[in-house]
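Take a look at the protein below. This report walks through its packing, its charged pairs and its rings.

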Amino acid sequence: MGSATDSRRDGGGKMSILLTNDDGIEDYERRLLPLAKAFAAFARVTVVVSSQDRSGSTHYTSCGIKKRVLESTLVCSIEEKDGAGPIEVHSVEGYPADCVYLGLRGILRHEPPDVVVSGLNGGPNLGGGWLHSGTIGAARIAAVLGVPAVAVSGVDFTRDGDIGLIADWLAELVRTPLVRRLDAGQYLTVGIPRGRLDEVRGLRFAPRSPSLGTLEFQPAEQLKNRPGAPPRTAWLMQPPTDIAEPTPGSDIDFYRQRYIVVTPMRADEHDYDLLAAWADRAPELPSWGSE
């Protein structure tokens, strides 16, 4: 017999959506609440978000600092009305990945959501930016836990009404079979061009630009040291100054042309092609002991 989640994925029953971001609870009224209200028209919405801005935290969790207790606060609860909602908002003393873990394995442990939405994020998170993004890190954790997820970035809301347009579009996106039937380990990243939304030309599926270097470091100054102490240097972090033209057809290429860019991602980072190609090449590796 299929689960309730399977039934909802096939279009039956009311959806359940877990919503988070990496900008924290302070971003609730500006971005999270409009998005939650758009989702609430057809879903039960649970917002689980960090108590502070955690941008750039990737999929880092508090477990890495030997923390064994996560504190959450029920900020507000909006009851179901006229078929919309309900909406619950929880603030967590942790990181975006903590919020997803707690949402899926704690707050919603008895009735897991159909999809996790992470965003809206102000930075574009294109190319190698996925390596550092807390927005994408949250979606990646959801995929690891077997729940379809979408990470949305690149939004700056230059005009009144922009947030409503984006929220309505995302509400349609999460109801498409492409999202609802994502397999375990799969998730999507969505880049919405910044600036005027009426100048967005459409949507494209695209791979990520192959650039992995997203930061450069320059020595800023030599720091003073106590006598006999090892030398210390302050390093200035900055975006690359020599940026090559993006690969045609990549996410950055289409984004610059003002397309919404959707990139399918997989949390499982095995290189299965290489694994198969190397299946009979173990003798080429250094031997160990009597092997």
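## The nonpolar cores

A nonpolar core is a set of buried Ala, Val, Leu, Ile, Met, Phe, Trp, Tyr and Cys residues joined through side-chain atoms within 4.5 Å. Buried means under 20% relative accessible area, exposed means over 50%, and partly exposed lies in between (1.4 Å probe, protein chains only). This is a predicted model: local features need pLDDT of at least 70, side-chain atom pairs count only at pLDDT 80 or more, and totals for chains, interfaces and linings use all residues. Residues are numbered from 1 along each chain as its sequence is written, and side-chain values use heavy atoms, with hydrogens and water left out.

In soluble globular proteins, nonpolar side chains tend to be buried together. Here, the largest nonpolar core holds 40 residues. Ile17 and Phe39 have the most contacts inside it. Helix H2 (residues 28-40) gives the most to this core, with 8 residues. Helices (H or I, at least four residues) and strands (E, at least two) are DSSP runs, numbered from the N terminus. Another core lies apart from the largest one. It has 23 residues, among them Val116, Trp130, Ala138 and Ala143.

What does isoleucine 17 touch, not counting residues up to four places away in sequence? Its partners include Phe39, Phe42, Ala43, Val115 and Val174. Contact means heavy atoms within 4.5 Å.

## A covered helix and a buried leucine

Helix H4 (residues 134-144) is mostly covered: 10 of its 11 residues are buried. Among them are Gly134, Ile136, Ala138, Arg140 and Ala143. The buried residues of H4 pack against E1, helix H3 (96-107), strand E5 (115-121), strand E6 (149-153) and E7.

Leucine 188 is found in strand E7 (residues 186-191). Leucine 188 counts as buried because its relative accessible area is 7%. Leave aside its neighbours within four places in sequence, and leucine 188 is in contact with residues including Ala149, Val179, Leu182 and Val262. Leucine 188 and proline 148 are 40 residues apart in sequence, and 8.4 Å apart in space, C-alpha to C-alpha.

## Salt bridges

A salt bridge is a side-chain nitrogen of Lys or Arg within 4 Å of a carboxyl oxygen of Asp or Glu. How many does a search of the whole structure find? There are 11 salt bridges.

One of them joins arginine 208 and aspartate 251, at 3.5 Å from N to O. This pair links distant parts of the chain, 43 residues apart. Arginine 208 is in the loop between strand E8 (202-205) and strand E9 (216-223), while aspartate 251 is in helix H7 (residues 251-256). Both arginine 208 and aspartate 251 are buried. Aspartate 251 has a relative accessible area of 1%. Leaving out residues up to four places away in sequence, aspartate 251 touches Leu126, Ala206, Arg208 and Thr263, among others.

Arginine 31 forms a salt bridge with aspartate 23, with the closest N and O atoms 3.3 Å apart. Both of these residues, arginine 31 and aspartate 23, are buried. Elsewhere, glutamate 199 and arginine 196 meet in a salt bridge at 3.6 Å, N to O. Glutamate 199 is partly exposed because its relative accessible area is 40%. Arginine 196 is also partly exposed, at 36%.

## Rings and charges

Rings of Phe, Tyr and Trp (its six-membered ring) pair if their centres lie within 6.5 Å; planes under 30 degrees apart count as stacked, over 60 as edge-to-face and the rest as tilted. A search of the whole structure finds 2 aromatic pairs. Phenylalanine 39 and phenylalanine 42 form an edge-to-face pair, 6.3 Å centre to centre with 70° between the planes. Both phenylalanine 39 and phenylalanine 42 are buried. The ring planes of phenylalanine 254 and tyrosine 259 are at 90°, with centres 5.8 Å apart, so this pair is edge-to-face. Phenylalanine 254 and tyrosine 259 are both buried.

A charge sits over a ring if NZ of Lys or CZ of Arg is within 6 Å of the ring centre and within 35 degrees of the ring normal. The charged end of arginine 175 sits over the ring of phenylalanine 42, 4.0 Å from its centre. Arginine 54 lies over the face of tyrosine 95, at 4.1 Å from the ring centre.

## Confidence

The pLDDT is the predictor's confidence in each residue, from 0 to 100. The protein averages a pLDDT of 87, and 90% of the residues score at least 70. Confidence is highest in strand E1 (residues 15-20), at a mean of 97, and lowest in helix H1 (residues 4-9), at 50. Where pLDDT is low, the predicted coordinates should not be read in detail.
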